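Here is a short report for a reader meeting this structure for the first time. Keep the view at hand while reading.

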Amino acid sequence: MLLDRLTHLVPTREQLASKRCLRWLGPLLLDPQLWRWSRRGVARGVSIGVFFGLLIPVAQIPLAVITAIALRACVPAAVTSTFVTNPVTFAPVYYAAYRLGMWITADPAAAGEQPNVVASEEETGLWQSLGDIGWPLLVGLTISATVAALCCHLTIHLVWRWLEHRRQQRDAQHQRPRAGTAEALTTSENRTRQA
């Protein structure tokens with residue numbers, strides 16, 4: 001089953017508690033409530049992980065774990081969902097966030113011209129060019145991370161409720177006796193009595 005395969009990829013409590021940057025959270029990390037796969041905990045955890053996964057390029061996991069502990073979210077879901085940005089998705093996500101930030105901040109570069117990041121002696125230099133990229137990128141990443149986290153939270157709640165409702169309907173159908181079965185039993189009982 002897919003869930004069993006994915007569960008093996010999720011780090012255990014002990015593995016996270018043994019990490020040097022998280023060791024000081026040891027007793028808090030071992031709280032069993034933070035490792036339950038409940039609807040609210042998973043929704044919070046995925047939202048936290050996606051938020052930090054999109055917002056910052058480094059130290060995503062420690063920040064997601066600390067925030068998950070503070071907000072009583074599912075820690076494995078928070079850690080796993082930080083991988084929304086990885087070496088394959090990093091460039092497209094950050095470019096889209098940069099373009100969104102240019103559009104939101106009404107940067108003149110949004111008209112289609114790219115900022116020149118190659119430093120030369122006549123120009124303002126590499127750091128100034130990176131600074132020009134930084135503000136639209138920060139705005140775009142903040143908006144993208146917030147919207148993605150809220151969408152993940154809402155989607156997980158809706159899908160989880162829908163799956164619970166389907167399971168309850170299926171269970172209720174299996175518990176009800178069929179009308180034809182009850183009639184068949186009474187007819188066969190009458191036949192045995194008559195014989």
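## A buried leucine

Leu141 counts as buried, because its relative accessibility is 5% and the cut-off for buried is under 20%. The model shown here is predicted. Leu141 sits in helix 8.

Which residues does Leu141 touch, leaving aside those up to four places away in sequence? They are Leu54, Leu55, Tyr94 and Ala97. Tyr98 and Leu141 are 43 residues apart in sequence, yet their C-alpha atoms are 7.4 Å apart in space.

## The chain as a whole

The protein chain has nine helices and zero strands. Read along the sequence, the pattern is α-α-α-α-α-α-α-α-α. The chain has 195 residues, and 29% of them count as buried.

Contacts can also be sorted by how far apart the partners lie in sequence. Take those in the protein chain between residues at least 6 apart: 69% of them join residues at least 24 apart. The chain exposes about 13,300 Å². Carbon and sulfur atoms supply 63% of that area.

## Helix 4 against helix 5

Two packed helices are described by the angle between their axes and the distance between the axes. The axes of helix 4 and helix 5 come within 9 Å. They cross at roughly 145 degrees. The crossing of helix 4 past helix 5 is right-handed.

Which residues make the contact? Helix 4 provides Ile48, Gly49, Phe52 and Gly53. Helix 5 provides Gln60, Leu63, Ala64, Thr67 and Ala68.

## Two loop residues with positive phi

Ala59 lies in the loop between helix 4 (39-55) and helix 5 (60-70). Its phi is near 60 degrees, a positive value in a residue other than glycine. Is Ala59 buried, partly exposed or exposed? Ala59 counts as partly exposed, because its relative accessibility is 44%.

Arg72 belongs to the loop between helix 5 and helix 6 (75-81). Phi of Arg72 is near 60 degrees, again a positive value in a residue other than glycine. At 40% relative accessibility, Arg72 counts as partly exposed.

## One salt bridge

Side chains of opposite charge can pair when their charged atoms come close. How many salt bridges does the structure hold? It holds one. The side chains of Asp171 and Arg167 form it, at 3.6 Å from N to O. That distance meets the cut-off, because a salt bridge needs the nitrogen within 4 Å of the oxygen.

Both residues lie in helix 8 (residues 126-175). Asp171 and Arg167 are four residues apart there, so about one helical turn separates them. Asp171 counts as partly exposed, at 31% relative accessibility. Arg167 counts as partly exposed too, at 39%.

Trp103, Ile104, Ile143 and Val147 make a nonpolar surface patch of about 400 Å². Helix 7 (90-105) and helix 8 are the elements that give two or more residues to the patch.

Definitions and conventions: Residues are numbered from 1 along each chain as its sequence is written. This is a predicted model: local features need pLDDT of at least 70, side-chain atom pairs count only at pLDDT 80 or more; totals for chains, interfaces and linings use all residues. Side-chain values use heavy atoms; hydrogens and water are left out. Buried means under 20% relative accessible area, exposed over 50%, partly exposed in between (1.4 Å probe, protein chains only). Patches are made of residues with over 30% relative accessible area and no salt bridge: like charges are joined within 9 Å, nonpolar side chains (Val, Leu, Ile, Met, Phe, Trp, Tyr) within 5 Å. Accessible areas come from the Shrake-Rupley method with a 1.4 Å probe; for residues, only the protein chains shown count as cover. Axes are lines fitted to C-alpha atoms, for helices over the stretch in contact, and angles run from 0 to 180 degrees between N-to-C directions. A crossing is left-handed if the near helix is turned anticlockwise from the far one by less than a right angle, and right-handed if clockwise. Contact means heavy atoms within 4.5 Å.
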